[in-house]
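Colleague: I am new to this one. Please show me the model, and then I will ask about the terms.

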Amino acid sequence: MQEQTYEIEKGNSFELKDIFDCGQCFRWNKELDNSYTGIFGNNVINVAIKGEKVIFKGICEGNIEEVCTDYFDLNRDYEKIKQDLSKIDDNMKTSIEYGKGIRILNQDLWETIISFIISANNNIPRIKGIIERISAKYGKELVYKGKSYYTFPTVEELSKAEVQDLRKLGLGFRDVRVYETTRTILSRQVDLEKLHQEKDFNKVRETLLTLSGVGPKVADCILLFSTLKRFEAFPIDVWVRRVMNELYIKNVDETKVNKRDIEKIAYEKFGNLAGLAQQYLFYWKREA
DNA sequence: ACTCAGGTATTAC
DNA sequence: GTAATACCTGAG
C-alpha cells in the first residue's frame, strides 16, 4: 500500500495528548518525535502537529482525507460545543481550558465493545497489552515503514479463539465474557448494524447491557466512544464519581455517593452533552 | 505480602 | 431492588 498524507489547520480543538490520553482509546502510542501512531480499521496512521498544522500520514484502505475526517470527527464544531459547556459553570470552564484539544473518535463499535469489556477492573497498561496480543494473534498484519501492526480482529476472526486461548493472552476472568459476547454478536443475536439504526437511546443501552461483561459503565463508554456517538451517555467510574462528588455533591465519603444522584445532576446540568462534559472533567481531574 | 486498577456477575438479605 | 463479595493479573 502507498503512503498517503493529509493536512489540516490545527485550530483550538485538536491536541494529540488530549485526544489520545483522555481515556477513550487504547491503540495509539507516542513516538520519539512526540507524534502518535495508531491502527484503526485497516489503516495505520501517524499524526503529528507541526506548528499550526496537523499532519496525518500513513497507509489507508481508502482516501486518507475521508478516513481521518470520519475517525477524528473533523466535521464537528467542537468550538461551539465547548462554548456551550463553558457557560454552565466555572468547573466546566476550567476543565475545558485544560482539555481543549479533546475530540471523541469514531471508533469501530465491535472493537469498542470488546476493548471496554477488557477494561473492567483493569489498568490501562494491561488493557493495552491484552488488546495488542489479541490483535497480533487474531488480526491481520499491516506493515508500515518496516514495522508490523495488527488490525483488531473481526468478529469472525476472534470467534476462532477458545476461552483457554483468551486466558493465555492474559484476559483473566474477562475471558468468558469476551468469548460469550463474541458469539452473541457472531450469531446476530445482537446485531450491530441494527444498533446503529436504533434511535431510542435507552433501547440501545438496554441491548448493550444484555452482552456478557457489559454493565452500566462499560455500556456508557461504548455509547460514547464508538460510532454510536451518543454524547448523552455518562460513564461513571471512580474518577467521575470523585470529581462529581468534589464539585457538586460534597459527600464526606465519596465511595458512598449514589450513582443515581450523579446521573441526576449530570443530566440536569449537562443535558444531552453529559458525555462530553464527563470527558473534560474526567481528563482534568485524572491528569491534574 | 498486599493493594490497586475505566466493573461485572453472582449471591445474599 | 440494594448491598456485599469474588474475580485474573501484574506492577508498585
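Modeller: Start with "near": a residue is near a molecule or strand if its C-beta atom, placed from the backbone, lies within 6 Å of it. This is a predicted model, where local features need pLDDT of at least 70, side-chain atom pairs count only at pLDDT 80 or more, and totals for chains, interfaces and linings use all residues. Residues are numbered from 1 along each chain as its sequence is written, and chains are lettered from A and ligands numbered from 1 in the order in which they are written.

Colleague: Which residues come nearest to DNA strand B?

Modeller: Gly23, Ala120, Gly215, Lys217 and Val218, out of 18 around DNA strand B. Helix H12 (residues 216-225) gives the largest share of that surface, four residues.

Colleague: Which residues are around DNA strand C?

Modeller: Asn121, Asn123, Arg126, Arg167, Gly170, Gly172 and Phe173. By class, they are one nonpolar, four polar and two charged.

Colleague: Why is Gly counted as polar?

Modeller: Because Ala, Val, Leu, Ile, Met, Phe, Trp, Tyr, Cys and Pro count as nonpolar, Asp, Glu, Lys and Arg as charged, and the others, Gly among them, as polar.

Colleague: What does Ile222 touch?

Modeller: Thr112, Ile113, Phe116, Leu208 and Leu228, leaving out residues up to four places away in sequence. Contact means C-beta atoms, placed from the backbone, within 7 Å.

Definitions and conventions: Helices (H or I, at least four residues) and strands (E, at least two) are DSSP runs, numbered from the N terminus. Two residues are in contact if their C-beta atoms, placed from the backbone, lie within 7 Å.
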